[in-house]
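Dear colleague,

Please find below the structure that I am handing over to you, with its sequence. My findings follow directly after it.

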Amino acid sequence: MAARSKQVLRLYKEMLREAEKFPSYMYRTYSLRRIKDAFREHKEESDFEKIDDLLTYAKANIEIIKRQVLIGSLYREPETVIEHHLKSNKASQ
């Protein structure tokens with residue numbers, strides 16, 4: 001059970017790291033929120049078969065996130081007002 005918990009935690013952290021790479025603020029915040037919500041929703045899951053299915057689903061989604069991050073970096077959209085504001089706040093600190 002401990003090994004499975006470590007695997008879930010490792011996947012969770014990897015998904016968050018990959019989602020942080022989205023160049024678009026909107027995609028980044030949406031994906032981070034969805035990842036956190038999905039893991040919270042299933043945190044009490046005790047059925048090993050269901051957990052294995054969820055882990056497989058999460059691994060497939062990591063690959064999707066990686067692919068979308070790459071595509072997003074190739075086809076950058078104009079900076080939004082929020083992104084501009086966040087950048088100016090970082091620069092002033």
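Glu-18 has a relative accessible area of 12% and is therefore buried (buried means under 20% relative accessible area, exposed over 50%, and partly exposed in between, with a 1.4 Å probe and protein chains only). Glu-18 forms a salt bridge with Lys-21, their closest N and O atoms being 3.1 Å apart; a salt bridge is a side-chain nitrogen of Lys or Arg within 4 Å of a carboxyl oxygen of Asp or Glu. Lys-21 counts as partly exposed, because its relative accessibility is 47%.

Please note that this is a predicted model, in which local features need pLDDT of at least 70 and side-chain atom pairs count only at pLDDT 80 or more, while totals for chains, interfaces and linings use all residues. Residues are numbered from 1 along each chain as its sequence is written, and side-chain values use heavy atoms, with hydrogens and water left out.

The structure holds five salt bridges. One of them joins Arg-40 to Asp-37, with the closest N and O atoms 3.3 Å apart. These two residues are separated by about one helical turn, because they are three residues apart in helix 2. Helices here are DSSP runs of H or I with at least four residues, strands are runs of E with at least two, and both are numbered from the N terminus. Arg-40, at 54% relative accessibility, counts as exposed, whereas Asp-37, at 33%, counts as partly exposed.

In helix 3, Lys-66 and Glu-63 are likewise three residues apart, about one turn of the helix, and their side chains meet in a salt bridge at 3.9 Å, N to O. Lys-66 is partly exposed at 33% relative accessibility, and Glu-63 is partly exposed at 45%. A network of salt bridges links Glu-14, Glu-63 and Lys-66. As a general point, an α-helix has 3.6 residues a turn, so residues three or four places apart point the same way.

Leaving aside residues up to four places away in sequence, Leu-11 touches Phe-39, Leu-55, Ala-58, Lys-59 and Ile-62, where contact means heavy atoms within 4.5 Å.

The buried residues of helix 3 include Ile-51, Leu-55, Asn-61 and Gly-72, and what covers the buried residues of this helix includes helix 1 and helix 2. By contrast, helix 4 (residues 81-92) is hardly covered, the count of buried residues among its twelve residues being one.

Arg-28 lies in helix 2. Is Arg-28 buried or exposed? Arg-28 counts as buried, because its relative accessibility is 18%. A polar atom of the Arg-28 side chain lies 2.5 Å from the backbone oxygen of Phe-22. Not counting residues up to four places away in sequence, Arg-28 touches Ala-19, Glu-20, Phe-22 and Pro-23.

Yours sincerely

Technical notes: Expected span 1.5 Å × (residues − 1). Polar contact = N/O pair within 3.5 Å; in protein donor to acceptor, adjacent residues only side chain to side chain.
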